[in-house]
Amino acid sequence: MALYAKAADILEKVESKQGAVKTLVFESKFQNIKQLFALVCETQKYSSVLQELIETTKLLKQTKVKMTQAKVLVYDLLIGQGVKCGGPWKVMMMKHRARLEAALARMKIKQKVTKNKDLLPSSVQQAEGVLLPRYVRVNTLKTTVDDAVDYFKRDGFSYLGEANRLDDLDLKAKSFVRDLHLSDVLVFAPKTEFHEHFLYKAGHLILQDKASCLPAFLLNPPTNSHVIDACAAPGNKTSHLAAIMKNKGRLFAFDLDAKRLSTMSTLLLRAGVRCHQLAHQDFLKVDPADPRYKDVEYVLLDPSCSGSGMVCLGTDASPPDPEREQRRLGNLAAFQLRCLNHALGFPQLQRLVYSTCSVHAEENEKVVAAGLQQNPGFRLVHLLPVWPERGLQPLSQCLRASTTKTLTHGFFVALLERHSDAVSTAPPSLEEAGASTPSQEVTSARPSEEAQGKPAVAAPPEDRINSEEEEEEEEEEEVKTSPVEGQAKKKRKRNKKNKKKKAATPIVA
């Protein structure tokens, strides 16, 4: 029973992005690590299949267990080695076994397959054979890359120098290289284990996929700057920002989930981060006009997403119902766009990185295109010309990552910067980006609220008096005219205002 309770707890954290499977399993201190790891990974892989079985049989309503608990139990009952525990959980599962087996059989008939693994979405089946290099980021708050390299060489690893091309990342056991794009990232052979390594336990190494290191690296805030990490947990990107800032300045980190923040606090303490201020707060409710954030010039925005690029977590499994998946992506995209618009509202903001671990254009290029259209004072920066995979046209300034082209998890990164000439550098339209205008979705409060069918929050009406509207119209006309005509119009406008003031001034006897 302890096995299933612990597996359900870890699965819940994985699904809410509180950490990677391996890290959470090792930190659990469970007696049989291999058994726990296998159960969580396999349950996560079959997650969409299990969820459909549970919903079809209405198991949650009849058993009063949580979804993650039901998933691990149903997995072992129908697909794994059988329920291993005794007591009330086994009695409960045996009671519903016949209905669950019948539902599984109907699912196979409907999809015209005979094996359980053939029920998996094609993306999961394709990813099963993918072996990515093991990336580790050297935490420069506690050590240097050269010192880490020397330590591994003394530890029996063979250092092959700095990689020059992606083929150099095809490594054999006990060999490693320095990454060709990110100087603080070391690359090892797939499945190289570091959870028990001294450097990891001491906070000198951060186990982080290369693609996940891109947002902080590209934002590149200088020392003594004020930075916001908008959706910060579990904290790897936050610790990376602190390392780039050399622990000098202010790093505001927000997250709505208290458990995720607790995990993050532990990670940052181990990494030696001192310049941060954690806040258990919804970023959308943070006031950009708050004096505390008056000097914020840099924002890293990595909002909740579908996780469709995370190969090792199996989160690229799509629900069987395409319509439900499309609704889910629409809700996520609306939330992401609202976060982006909110982040671009900080008065001194100069640069913002938007990133997701999703492969869907709805969450990536289309959100960025809509954000640029609604915030014409910002433009895209062309990132890393040597990077092998670009954003979908016309947003080729952005970066994408994938298992095939970059040997990483699926990822997306865009860098927006403020510019003064908003007229001459117009952002691409949604039509040009192949996106539909999400005008109704922008006002959604949270993805969970949309999924529950709650009404969207309408945008507040404009509260402007007529004279202000007239002035704005005049200013728009001035922009369209030539510089000489514009100056003449401004002069006539000032003279007109001066005459009105004189007429309104009372004559003193």
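Colleague: Is Phe 157 buried or exposed, and what is its relative accessible area?
Modeller: The model is predicted: local features need pLDDT of at least 70 and side-chain atom pairs count only at pLDDT 80 or more, while totals for chains, interfaces and linings use all residues. Residues are numbered from 1 along each chain as its sequence is written, and side-chain values use heavy atoms, with hydrogens and water left out. Buried means under 20% relative accessible area, exposed over 50% and partly exposed in between (1.4 Å probe, protein chains only). Phe 157 therefore counts as buried, its relative accessible area being 11%.

Colleague: Which residue has its charged end over the ring of Phe 157?
Modeller: A charge sits over a ring if NZ of Lys or CZ of Arg is within 6 Å of the ring centre and within 35 degrees of the ring normal. At 4.0 Å from the centre of the Phe 157 ring, the charged end is that of Lys 174.

Colleague: How many aromatic pairs does the whole structure hold, and what is the angle between the planes of Phe 157 and Phe 188?
Modeller: Rings of Phe, Tyr and Trp (its six-membered ring) pair if their centres lie within 6.5 Å; planes under 30 degrees apart count as stacked, over 60 as edge-to-face and the rest as tilted. The search of the whole structure gives 17 aromatic pairs. Phe 157 and Phe 188 form an edge-to-face pair, 5.4 Å centre to centre, with the planes at 85 degrees.

Colleague: How many residues apart in sequence are the parts that this pair of Phe 157 and Phe 188 ties together?
Modeller: Helices (H or I, at least four residues) and strands (E, at least two) are DSSP runs, numbered from the N terminus. Phe 157 belongs to the loop between α10 (145-154) and β2 (158-162), and Phe 188 to strand β4 (residues 185-188), so the parts joined are separated in sequence by 31 residues.

Colleague: What is the relative accessibility of Phe 188?
Modeller: Phe 188 belongs to one aromatic cluster with Phe 152, Phe 157, Tyr 159, Phe 176 and Phe 194. Phe 188 counts as buried because its relative accessibility is 0%.

Colleague: Where is Pro 234 found, and what is omega for the peptide bond from Ala 233 to Pro 234?
Modeller: Pro 234 is in the loop between β6 (225-229) and α13 (236-244). The bond from Ala 233 is cis, with omega near 10 degrees.

Colleague: What is omega for the peptide bond from Gln 393 to Pro 394?
Modeller: Pro 394 lies in the loop between β11 (378-380) and β12 (399-401). This bond is also cis, with omega near 5 degrees.

Colleague: What is the relative accessible area of Asn 224?
Modeller: Asn 224 lies in the loop between α12 (210-219) and β6. Its phi is near 70 degrees, a positive value in a residue other than glycine. Asn 224 is exposed, with a relative accessible area of 55%.

Colleague: What is phi of Lys 246?
Modeller: Lys 246 is in the loop between α13 and β7 (249-255), and counts as exposed at 54% relative accessibility. Although Lys 246 is not a glycine, its phi is positive, at about 60 degrees.
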